[in-house]
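Have the model open in your viewer and keep the selection tool handy. We will go from stop to stop, selecting a few side chains each time.

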Amino acid sequence: LLYSGNDCDTTSGKLQLRQKETTTNTNNNNSNVPVEIPLDASGFAFENLDPQGKGPESLQSFIDACLGKDDYYVGADSIVGMRSVQTIDAMYRSHQSGKAEHIVT
């Protein structure tokens, strides 16, 4: 999965998936063929990167949580973290086996 673009410009982003496919050339080699993933009109929205601002919203939420405030944004709770690790594990196993692997839950 490859992202490219200017993080400060939501319309500049491009997301591509590179996967191994058999080419139709004379060598019939495997190659990484990029597949563009279509985006909706909103584009990529990143955190506040304004140098004059108060910093990224994730940092502000972290500070609010540390201060004991009740009203802060939880972008990824422990379940999302666990699922991320399970997904990465399946990705490593898939790379090693050369085939799709189930995500162990």
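Start by selecting Ile63, which is partly exposed at 34% relative accessibility (buried means under 20% relative accessible area, exposed over 50%, partly exposed in between, with a 1.4 Å probe and protein chains only). Ile63 sits in helix H1, residues 57-66 (helices are DSSP runs of H or I, at least four residues, numbered from the N terminus).

A note before moving on: this is a predicted model, in which local features need pLDDT of at least 70 and side-chain atom pairs count only at pLDDT 80 or more, while totals for chains, interfaces and linings use all residues. Residues are numbered from 1 along each chain as its sequence is written, and side-chain values use heavy atoms, leaving out hydrogens and water.

Next, select Lys69 and Asp64, whose side chains form a salt bridge at 3.6 Å, N to O (a side-chain nitrogen of Lys or Arg within 4 Å of a carboxyl oxygen of Asp or Glu). Lys69 is partly exposed, at 44%. The count of salt bridges comes to 3.

For the others, go to helix H2 and pick Asp89 and Arg93, which lie 4 residues apart, about one turn of the helix. Their closest N and O atoms are 2.9 Å apart. Together, Asp89, Arg93 and Glu101 are linked in a network of salt bridges.

Finish at Arg83, also placed in helix H2 (residues 78-97).

Key: Helices (H or I, at least four residues) and strands (E, at least two) are DSSP runs, numbered from the N terminus.
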